[in-house]
Amino acid sequence: AKDLATIKAANIKKAVKTQFQYFITTADSATYGYSIYADGNLYIEQKNIPAIGGTKGFEDTATAGKCAQLVIQKIKQGEMPPSITTDDLKKINVEQ
């Protein structure tokens, strides 16, 4: 089995060659989510705030965008799948 460092290095190598974009989407109850595209293909669709459970979306487009940018950053650092923690949410000022 490959060790974690080898897998992470391979993920980083792949991410470097990939063009990532994100778009803000509307979610339930006048909230927002985001979609991340890799080389033009839908890669991640997130309609609710990750890490907190439930189906609550982001309250504004700015925080949804910050979270999408953070996910892309984690992918580029080799984290697959990228995961958002409650600490990550605090750093980008998401109400929990």
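Modeller: The largest nonpolar core holds 19 residues in this predicted model. Those with the most contacts inside it are Phe20, Tyr34, Ile36, Phe58, Cys67 and Val71. Two or more residues come from each of β2 (32-38) and α2 (61-76). The top contributor is α2, with seven residues.

Take Val71, one of the residues with the most contacts inside the core. Leaving out residues up to four places away in sequence, Val71 touches Tyr34, Ile36, Ile44, Pro82 and Ile84. Two of these partners, Tyr34 and Ile36, are themselves on the list of residues with the most contacts inside the core.

Next, the backbone around Pro81. The loop between α2 and α3 (86-91) contains Pro81. The peptide bond from Met80 to Pro81 is cis, with omega about -10°.

Ala51 sits in the loop between β3 (41-46) and α2. Its phi is positive, about 80°, although Ala51 is not a glycine. Ala51 is partly exposed, at a relative accessible area of 42%. Asn93 belongs to the segment after α3. Here too phi is positive, about 60°, and Asn93 is not a glycine. Asn93 has a relative accessible area of 58%, so it counts as exposed, the cut-off being over 50%.

Key
Residues are numbered from 1 along each chain as its sequence is written. This is a predicted model: local features need pLDDT of at least 70, side-chain atom pairs count only at pLDDT 80 or more; totals for chains, interfaces and linings use all residues. Side-chain values use heavy atoms; hydrogens and water are left out. A nonpolar core is a set of buried Ala, Val, Leu, Ile, Met, Phe, Trp, Tyr and Cys residues joined through side-chain atoms within 4.5 Å. Buried means under 20% relative accessible area, exposed over 50%, partly exposed in between (1.4 Å probe, protein chains only). Helices (H or I, at least four residues) and strands (E, at least two) are DSSP runs, numbered from the N terminus. Contact means heavy atoms within 4.5 Å.
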